Amino acid sequence: MDMCKEIRVYGMINDTYCKSEGYRKVPYHYYEAGSRDECAEYLLHESAPYGGHRFITEKAVFAKWAKTHPIKFFSPEWHLS
């Protein structure tokens with residue numbers, strides 16, 4: 001963040017995507033037929049007692065950084081409040 005005039009992030013959904021109405025259910029791993037969808041995997045990791053990848057928390061941190069740093073999100077575009 002200190003070295004770039006602007007940071008562009010592509011393909012990262014925001015932290016509220018899984019709560020939005022009509023979100024697109026896609027498999028977490030495209031090559032695992034019948035596996036959990038992306039949001040189910042995010043929620044599983046978010047509430048894991050240890051280990052795991054806190055995807056939703058990570059997205060919230062990016063949103064917080066974007067309020068004070070030149071970070072832009074594309075595909076999907078984020079609308080920060």
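Buried denotes a relative accessible area under 20%, exposed one over 50%, and partly exposed the range in between (1.4 Å probe, protein chains only). The structure is a predicted model, in which local features need pLDDT of at least 70 and side-chain atom pairs count only at pLDDT 80 or more, while totals for chains, interfaces and linings use all residues. Residues are numbered from 1 along each chain as its sequence is written, and side-chain values use heavy atoms, with hydrogens and water left out.

**View A. The cis peptide bond between Ser 75 and Pro 76**. Pro 76 counts as partly exposed because its relative accessibility is 35%. The peptide bond that joins Ser 75 to Pro 76 is cis, with omega at about 10°. Pro 76 is placed in the segment after strand 2 (71–74); strands (E, at least two residues) and helices (H or I, at least four residues) are DSSP runs numbered from the N terminus. Pro 76 is in contact (heavy atoms within 4.5 Å) with Gly 11, Met 12 and Ile 13, when residues up to four places away in sequence are not counted. The C-alpha atoms of Pro 76 and Thr 57 are separated by 18 Å, and these residues are 19 apart along the chain.

**View B. The backbone and exposure of Ser 75**. Ser 75, a residue other than glycine, has a positive phi, near 50°. Most residues other than glycine have a negative phi, and most peptide bonds are trans. Ser 75 also belongs to the segment after strand 2, and its relative accessibility of 58% is why it counts as exposed.

**View C. The disulfide between Cys 18 and Cys 39**. One disulfide (a pair of cysteine sulfur atoms within 2.5 Å) is found in a search of the whole structure. The S to S distance between Cys 18 and Cys 39 is 2.0 Å. Cys 18 is buried at 19% relative accessible area, and Cys 39 is buried at 2%.

**View D. A nonpolar surface patch formed by Met 1, Val 61 and Trp 65**. Together these residues have about 250 Å² of accessible area, computed by the Shrake-Rupley method with a 1.4 Å probe, with only the protein chains shown counting as cover for residues. Met 1 lies in the segment before strand 1 (7–10) and counts as partly exposed, at 39% relative accessibility.

Conventions: Patch = residues over 30% accessible without salt bridge, like charges linked within 9 Å, V, L, I, M, F, W, Y side chains within 5 Å. Salt bridge = Lys/Arg side-chain N within 4 Å of Asp/Glu carboxyl O.
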